[in-house]
Every structure is written in structure tokens, then in C-alpha cells.
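Me: Please go through the strand pairing of this model with me, in questions and answers.

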Amino acid sequence: VFEVSSPGLLRPLKKEKDFVRSMGKKIEIRTYRAIEGEKEFYGILSAYDENSVTIEQEDGTARTFQKEETALIRLAFEI
């Protein structure tokens with residue numbers, strides 16, 4: 001049996017190189033606690049630093065999340 005797999009399409013973004021590679025792409029952010037009744041957010045990665053991640057949502061608004069409040073940050077997978 002020979003199995004070939006990708007480096008992890010659903011792999012979380014953790015290192016700086018992961019964020020650099022994902023700039024301008026749609027990402028998914030899941031938070032530990034609900035923010036305005038939501039725990040899952042989607043948008044285009046527009047900025048990041050060692051403490052925060054900013055996405056541009058579909059309505060054009062920017063939303064910034066502190067990394068300590070995020071449970072998961074990864075590329076959004078659409079079927």
C-alpha cells in the first residue's frame with residue numbers, strides 16, 4: 001500500500017510562516033468563548049502579529065482577535 005497525503009489542508013496556522021503563506025486567503029477562526037453569540041468566524045486574513053489576527057469579513061468590516069482567545073485558526077475549506 002502506497003499512501004500520499006497533503007501537508008495538511010486543515011492544519012492549524014501557528015507559525016509566522018503559516019500566516020505569511022495565508023495572507024489574503026480565507027481563514028476560519030474558532031474562539032473559546034462566544035463573541036456576539038458566535039464562536040466561528042470566517043474572513044480574509046489581512047494582518048497578524050505575535051498577539052493578534054485580523055480578518056476582513058464578507059461585509060467589509062475588519063475584526064481583530066487576540067490569539068489567546070482563539071481555539072483554532074486555519075484555512076477555510078470550502079466544498
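**Strand pairing in the sheet**

Me: How many bridges join strand 1 to strand 2?
Reply: Strand 1 (residues 26-35) and strand 2 (residues 38-48) run antiparallel. Strands are DSSP runs (E, at least two residues) numbered from the N terminus, and two of them pair if DSSP finds at least two bridges between them. This is a predicted model, in which local features need pLDDT of at least 70, side-chain atom pairs count only at pLDDT 80 or more, and totals for chains, interfaces and linings use all residues. Residues are numbered from 1 along each chain as its sequence is written, and side-chain values use heavy atoms, without hydrogens and water. The number of bridges joining strand 1 to strand 2 is six.

Me: Which residue in the turn of the hairpin formed by strand 1 and strand 2 has a positive phi?
Reply: Two residues lie between the strands of this hairpin. A positive phi of about 55° occurs in the turn at Glu-36.

Me: Which residue in strand 3 is the bridge partner of Ile-44?
Reply: Through three residues, a hairpin joins strand 2 to strand 3. The two strands pair in the antiparallel sense over four bridges. In strand 3, the partner of Ile-44 is Glu-56.
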